Amino acid sequence: MNTSERDAEIPESNAREAIIVARDLRVNYGEREVLHGISFEVQRGETLVILGGSGSGKSTLLRSLVGLERPSGGEILVKGKDLAHAKLAEVEEVRKKMGMSFQGGALFGSMTVGENVALPLREHTALEDSTIQIMVRLKLELVGLAGFEHYVPSQLSGGMKKRAAVARAMAMDPEILFFDEPSAGLDPIIAAGIDNLILKLRKAFDITMVVVTHELASAFLIADRMVLIDKGNIVTIGTPAELKASEHPRVKQFLNRVAEPEVEGELNYLQMLTDDR
Amino acid sequence: MELAGRIGGATLDALAYVGGLTRLGARAGYFALVAPFRGRALRLDRAVHQAMAVGVGALPILSLISFFIGLILALQGAYELKKFGALNFVASAVAITMTRELGPLITAVVVIGRSGSAFAAEIGTMKVTEEIDALETMALDPVQFLVTPKFLAMALMLPCLTTWADTMGVLGGALFGVTGAGFSFTGYMHATLSALFLRDIFGGLIKSVMFGVTITAVGCYEGFRTGAGAEEVGRSTTAAVVTSIFLVILVDLVFTSLFYFVETR
């Protein structure tokens, strides 16, 4: 199934509500276009996994969805707001309803774990400090880090940093949670723990989640629907079962972990990797 | 032709750089001066925290350096003044040079080394580890959160530090005055005070505020310009120091000429 067929299947008005809509999204790094007109929707309450190899443009896509990259063409609507063109105050209102867990955690090194989680609450709410402390403790408990309030990020392991980052992303009780490579750089057991955490949050809070990953096992475990990105284009969108059944050569190659066939192809691929940031 | 093209290109780059600094400064200024009246609270605690790091932390090294510079000035001045039998002018020479020029400049150089580079390293590291992106996704403006407190701290602390450096420089000069030029300590201080006009001190302090703004703008701007990778943080830090020194001298030149024409009119 290719992009255009898939697009044709998405009706303009859905029975379910689309919380994120990307239409003909294009992103450039300087002269080079890295996303070539991507269109898809994320339904409220679903977990959408964005799959793709290194340099496929999947991280760029995620950064565009949260408004960190400005599209050079097309549009992204999050809760009906075009993040690239809305007023700053409107963008900030939308962002308060979004949480993002970064690949390395991106915790503020100069603050403790508790202060990291408390930061959005302190800045965006008028809550009393004692209330904030309780909320911080709850969020940390949620991700399995109860009692780690007073640790600084450098004292935490990779997996704990990611959990703390999730706690911070959850601080404002977001409607949408974004994950950049949640299991990258973790051993299989810790990575499985993070997968379970994602499933748990999904079940407990009915949050919409967008997860970028290249870990197949993790992707198939958590996804309601998957998007496979390759060289800045959508190869296919579908449920995990649909992807497994796909006859598309690129999908099969990715899911079966087949190396690029020709040396020339591989060199091009490596070249592309080094070109990419 | 190629030379003209290069000069043109370099000029455009320089203008773009100054433009970037100005935009950053204007945005930080907006959050300090305008935004508080539009419902965005100005968090002074971060500015106070920065001011402690910038100001109090710099005192020991700044005291030592400006004391030595004052002493050196006295010695150099005495070498020439002695020939004219005007050794008693050493106090006024030190006082005027320190307050008008060297006090602000030495303070700026010390602050560039301690804080300007630290700003670039802090923001650069935060850029590399995606902490800047994290601030944005949390609907916290990185300029409001990181840059505005630094501007406030520097614009406040540089004049304070400069006043301190002026004093230490005068004391350094007094050491020579008392031991080598036959002054009594009170006599030296009296000579210093009668040589100084208020405009000498204020001129220096106005310059020091401008230096503080310049150093902050360059340090933060270089931090935000940091690319991907740890070695980029090193590049930003170095660039922040070198560019700050250059721009501080440039700002110094502009204001000194301005004062010259205003005062001698």
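In the predicted model, Ala22(A) stands opposite Ile76(A), a residue of E4(A). The two strands concerned, E1 (residues 18-29) and E4 (residues 73-78) of chain A, pair in the antiparallel sense over five bridges. Helices (H or I, at least four residues) and strands (E, at least two) are DSSP runs, numbered from the N terminus, and two strands are taken to pair if DSSP finds at least two bridges between them. The pairing belongs to an open sheet of four strands in chain A, with the order E2-E1-E4-E5 and antiparallel pairing. Strand E2 (32-43) and strand E5 (81-82) of chain A form the edges, each pairing on one side only.

Between the chains, 16 residues of chain A are in contact with eleven residues of chain B, contact meaning that the C-beta atoms, placed from the backbone, lie within 7 Å. On the side of chain A that touches chain B, at least two residues each are supplied by helix H3 (88-95), strand E6 (98-101) and helix H4 (113-124) of chain A. The largest share, four residues, comes from H4(A).

The model scores ipTM 0.83 and pTM 0.86.

Residues are numbered from 1 along each chain as its sequence is written, while chains are lettered from A and ligands numbered from 1 in the order in which they are written. As this is a predicted model, local features need pLDDT of at least 70 and side-chain atom pairs count only at pLDDT 80 or more, whereas totals for chains, interfaces and linings use all residues.

Notes. Contact = placed C-beta atoms within 7 Å.
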